[in-house]
Amino acid sequence: AGGPGRGGLRAAPRPRPGGRGAAAASDMPIGLPGAGGRASDAAARRRLGPRASSVFPTPPRVVLDAADWPAALAAARATTGKGISKQAWHLVPRIRELDAAVDPDLQAQVTEAHPESTFAAIAGAPLRTRKRTPEGRAERLALLAGVVTDPDELLAGRRPGAAPDAGLDAAALLWTARRFALGTAEIVGDPAERDARGLRMTLAV
């Protein structure tokens, strides 16, 4: 359910006693649907209201085997009745890589997260500004300043060429990973809903 051009995996390295141990949060989807959608995506959109469009449709598992976008488009349509955008296709290599790295046991420490859902949780309501505008960046940075140590440093340390909002998203993932490590994160979606590999299709906030 992450946004295009992301693929970040952020770890919380200093868990406290009683939590899960070290944890990481990714804005790439973990747990890929078959013919239907994911309950977590639908729930995240409901929670976000005016920012619902920031939750991108999760591609079906069948597209991982596609060699190119036309093949992925045909496979998605045959499986779900809907296509897959070229934007989503460009995320497939990262989704494939993450899917190969995570198994159901590892989900005790690695969770899917959604930065815009995290910002809504910190603020107590969905944000109405867009993160790529000056106003949106300022609002998100102010929210992060209250929950993350040195958010400015995280922004300064983003990879060369990355947009400023990528740093904001990374800091949001860090906050969610921390909560997941402590066992205090809210789980969005149905924990009983699993994909063909047995992966839970939920996200943490």
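Me: Which element of the protein has the lowest mean pLDDT?
Reply: Among the elements (DSSP runs numbered from the N terminus, with helices, H or I, of at least four residues and strands, E, of at least two), strand E5 at residues 203–204 has the highest mean, 98. The lowest mean, 51, belongs to residues 9–12, which form strand E1.

Me: How many contacts beyond near neighbours in sequence does the stretch of residues 2–7 have?
Reply: Over residues 2–7 the pLDDT is below 50, and where pLDDT is low, the predicted coordinates should not be read in detail. With that caution, the contacts (heavy atoms within 4.5 Å) that this stretch has in the model beyond near neighbours in sequence number 23.

Me: Is Ser54 buried or exposed?
Reply: Ser54 has its place in the loop between helix H1 (39–48) and helix H2 (69–80), and a polar atom of its side chain lies 2.7 Å from the backbone oxygen of Arg51. Because the relative accessible area of Ser54 is 14%, and under 20% counts as buried, over 50% as exposed and in between as partly exposed (1.4 Å probe, protein chains only), Ser54 is buried.

Me: Which elements are among those that cover the buried residues of H1?
Reply: The buried residues of H1 are Ser40, Asp41, Ala43, Ala44 and Leu48. They lie on the same side of H1 because their arc around the axis (taken from the directions to the C-beta atoms) is only 165 degrees. What covers them includes helix H5 (115–123), strand E4 (187–188) and E5.

Me: Which exposed residues does H4 carry on the face turned away from its buried side?
Reply: In helix H4 (residues 92–101), the buried residues are Val92, Ile95, Leu98 and Asp99. Seen down the axis, they fall within an arc of 125 degrees, so they line one face of H4. Their cover includes strand E2 (23–26) and helix H3 (86–89). The face turned away carries the exposed residues Glu97, Ala100 and Ala101.

Methods: Residues numbered from 1 in each chain as written. Predicted model: local features only at pLDDT ≥ 70, side-chain atom pairs only at ≥ 80, totals over all residues. Heavy atoms only, no water. pLDDT = per-residue confidence, 0-100. Polar contact = N/O pair within 3.5 Å; in protein donor to acceptor, adjacent residues only side chain to side chain.
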